[in-house]
Every structure is written in structure tokens, then in C-alpha cells.
Amino acid sequence: MTTARVRAHRRLQAFRVVVLTVLGLFFLVPLGSMAAYSVRVPAGGRTLDFWRQLGQDPDLRGAIVTSLELSLLTVVLMLVLLVPTMVWVRLRVPGMSRIVEFLCLLPLTIPAIVLVVGLKGVYAWVTYFLGDSSLTLTFAYVVLVLPYAYRSIDAGLASIDVVTLSEAARGLGAGWFTVITRIIVPNIGAALLSAAFISVALVLGEFTLASLLSYTNLQVVINLLGKSDSQTSVAASLASLVFAFVLLILLSLVGRRRGARRTAPALDLMAPPVAKEG
Amino acid sequence: MSRGVRRLVPVLGLVPFLGYLTIFLLIPTVSVVVGAFVEKDRASLSNIRALGDEVVLRTLWRSIELSAESAIIGAVLGALLAYAVVTGRPDGTLRRSVTSACGVLAQFGGVTLAFAFIATLGFSGVVTEAGRDVLGVDLFGSGWLFGLKGLTLVYTYFQIPLMVIVFLPSLDGMRSQWREAAESLGASTWQFWRYVAGPLLLPAFLGSTLLLFANAFAAYATAAALVSQGSPILPLLIRNALTSEIVLGQSHLAFALALDMIVVVVVVMTMYALLLRRTSRWLR
């Protein structure tokens, strides 16, 4: 019995080592290849010229700025649209919560390539009213990030007692605007931060809508560059990737600290900590 | 009357949100469905009929094949990885780093992923050249990376991490008592997996596989960056229909193709929801 146990345990360990090594290689080799590819010189040796190119190529620089502006605008519009709505639903119209949830998660099931077909008509009007700046992509990007942002904000709101907090504030004479900006938002800071991070990561990587609606963003330029200067384009890919990785890893750290945040003394005074996590 | 109005006031707070989503989510979606039945500004079934065209059917089939292959490979390898993680310590470094890496890699797709594989296995990719110089093997072949086989491989890169994320909770739900109970009744490892763990995990496994299928089926950017010639899969055929005026004699074909995609995704996601309901009965 015990020898069988030992043998089973050893077999399990061997299985784990094999799986982790093989899949680890599968995931690391392409990343390592990108790094090697972006510094390679055909005659042999290495160079950082292609990385320097990232700051010098005017198209690329413009696209990096555009994508950063797009992520900022998307985060702002997403927060302005989503936070008051979700607080309002919890406080005044809880009956609508299923509909709001359904609408927020709907973009998960509609492929971007399908959405873009329908958005073409809408964007004809957007261009008519607002001009054809690439920054108008913000409107579509808010829809794209909605499911992810909704989930993290929902988890944040579930971890505080929105009703008690806002009733206390209202009883002390605060208006709705004050309730949202000074009471709710400071209490779900971590959730808002993670919603913002995931939105930025998604917007920086977005290609489908931008390219098919004929706008320019980072990924569109990287893709174009791939045809003329593949090493610079790989360097740019790796750079944008590392940036997104850092954001998403920060995101997971924020998520982990949320548990600690919930028992912050300021909260304990006002409401009992709620155990429910979304 | 006035009471009805007063009851309506709170709902008015949702107007900005609902208005926004109407313009940028609902109208586009509805216009895809409606647009599929319009040709030259008139109601017409010609676009729907064009879906039966041999080119479209073949492309649809290839899309399904690619999604199924990458979903099955991703599901099997992802499940193995998840099991390797779950059998470690629950709060260990390994588990934490694998799960956060998977969270990041599952989001990794599109142009950058395509370029990662071009830098690896493209004509002058790092691994291709190493293969040529060191082993004398031509890994590039006739450019398989830029065809369906290549897409399958590249998709696997985001399918495995996604599988780990969605399947890990089910593996966590397995109780060690089940194993002990089976062992004390004299079950071998094989019997335990065949009669206890397998049947319990099967719905979750199949459900996750369906999710992976939908994920691959909907993917566009990776394929667009990798495949520059022809339209082997449905999303690329939509690109073609969007960027050229007329495809297969239809100006609204993109709408019909998009509707085609919606139908497939809805069918797959419905099956997923049904399986999920079955799973949650056992594993919580």
C-alpha cells in the first residue's frame, strides 16, 4: 500500500515536471525569439537600432501617442458612464440590475469582427458630427471594455455596503453627486483601478475595430510596419506586450490587495464588513 | 398618473447608459441582422442565399475546423497544465505565478502574437534559423505558418491559458475525500478517473472546450496579421467583404456573413450555458 502510494506520488511528480517544462517552453520560446529577433544583425552580432527606431519613427510615435490618448479617454468615459449607473442601480432601481448586467456582458458574446460590420453605419454619423479623428474610436472601445470593467466594479461594489453608506451620507445632507464622488468612489478605489488597468491593456492591443473602421492606432501601425521593417515591428510588438504584461500583473496585485482593503478602519466604523465577494 | 411618473424618475437615471449602449451596441447588432436581409436598399434574401455559396460554405467549414482543433488541443493541454498546478500546494508560488501568467497570456492575441510567431517560426525566425544551422531541418517548409496549420498553432497560445483559467475552479472543486472513498472501496487510479472524477469533470471540460471554440471562432486580429493573402476563414472573408465593394455579386455580404457568425456563436454559447448549469450542480 505505502510503496504503491510512493510510486503514485513519484509518477505524479514526473508528470508535473514534464507538463510544466514542455508548456513552459512553448510559452517562453516565442517571447524569447521576439527579443532575439529584434536585436539581430543579418551579418551576425547584435544591435539596439531597431529599439531606438521606436522613438524615432514618426508614424510609430504618433501611433503610440494616439493609443495612449485612446486608453485615457476610454477609461474616463467608461468610469463616467459605468460608476454612476451601477451605483444608481444598486440604490434606486435594483430591478434593473439583471438588464444592466446582461447589456454589460453582451459584448463578450458578440465578436468584434461582427460588431465592426454594424458599427460602420454608426461611425458614418460619428464622423459627420465629430470629424474623422482616430480618437472617436473611444466610443466603440468603451463597449469593448465594458464586460471586464463591469465585473471588477461590480465586485468592488459588492464588497461595500452601498445602501448604508449612501443613506448615511444622504442623511447628513449630501447630494447624489457627493455620494458618488466622495463616498462610493474612495471606497472602491482598488476596483476602479483594476477596471482602468484592464481597459488600458485592451485598448493598447486593439486592432480589429481600428483597422476595419480605417483608423490608425498602435497595432495598425505595427501591422503596417511588419511589411516594410519587420525587426522594428517586432521590437514595437514586444514593447507593447511588455507594457500590457506589466499592467495586467499590477492588476492581479491590486486584486489580491482588495481583501485587505475591505477591512480598512474607515469602513469598519461606518458599516460592518460585508463578506460577499462578486 | 403622477405617481406613475414619480415611479419612473429613478429609471431616468439609467438613460445616459442605456442611450449610449443603444447607439454603440444595440443598433450595430440589430443593423447586422437587418442588413443581412437588405440588398441595394431593398428587402432581399439574396445575401442569405449567398451564404449557401460553395466559397462561403467552405470558408465556414474551415473556420469551424480551425476553432475545433485549437479548442481541443488547448483544452487537453490546458487541463493537463491545470492538473499539474492543482496537485501542487494551493498557496504555493508555482500556482500563483502560473495563474497570473495565464491571466495575462489569455489576453495576448492579435498583431503582437502573430509577430511573435513570425519572429519564431517565420522564414527568418529565430527557431527556424536555429533549426537550419544546427539540425539542418527546414522548419519553415512551404510557409505552413501562414496557413490553417499555423493559425491552429498560434491560437493554441492563447487557448491553453484560457483553459487553465476556466477549468481550474472545477479541478479545485474535487474533494480529496472522493479519492479516499474510492480507494477505500478498492478502486485503482484508473477506476477512480474512469468512474468518479472523469464523469464529474466531463461537463466542465466540455463546457470549457465550447468556450475555447467560441473564442477561436471570434478571433480576427491574429489571423488578419498572419494571413495577408486570401480569406481562408470566415472573419477574413468578412474583412474582404468590408474592404471591397462587391463580393460574390453582393454588396451586403458582410452583414450576412456576420449574421452567420452570430448564429454559430449563439448556438455554441447556449450549449455552454446548459453544460455550465449541469456542472455547477456538483462542483462548488
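Me: Quick one to start: what share of the 278 residues in chain A is buried?

Reply: Buried residues are 48% of chain A, where buried means under 20% relative accessible area, exposed over 50% and partly exposed in between, with a 1.4 Å probe and protein chains only.

Me: Okay, and where does this model come from?

Reply: This is a predicted model, where local features need pLDDT of at least 70, side-chain atom pairs count only at pLDDT 80 or more, and totals for chains, interfaces and linings use all residues. Residues are numbered from 1 along each chain as its sequence is written, chains are lettered from A and ligands numbered from 1 in the order written, and side-chain values use heavy atoms, leaving out hydrogens and water.

Me: What's the mean pLDDT of chain A?

Reply: The mean is 84, with 91% of residues at 70 or more; pLDDT is the predictor's confidence in each residue, from 0 to 100. Over residues 259-278 of chain A, though, the pLDDT is below 50.

Me: New topic: how many helices and strands does chain A have?

Reply: Chain A has 13 helices and zero strands, counted as DSSP runs (helices H or I, at least four residues; strands E, at least two) numbered from the N terminus.

Me: And what radius of gyration does chain A have?

Reply: Chain A has 24 Å, while a compact globule of 278 residues would be near 19 Å. The radius is taken over C-alpha atoms, and the globule rule is 2.2 Å times the number of residues to the power 0.38.

Me: What box do the C-alpha atoms fill?

Reply: Roughly 75 × 75 × 35 Å, along the principal axes of chain A.

Conventions: Contact = heavy atoms within 4.5 Å.
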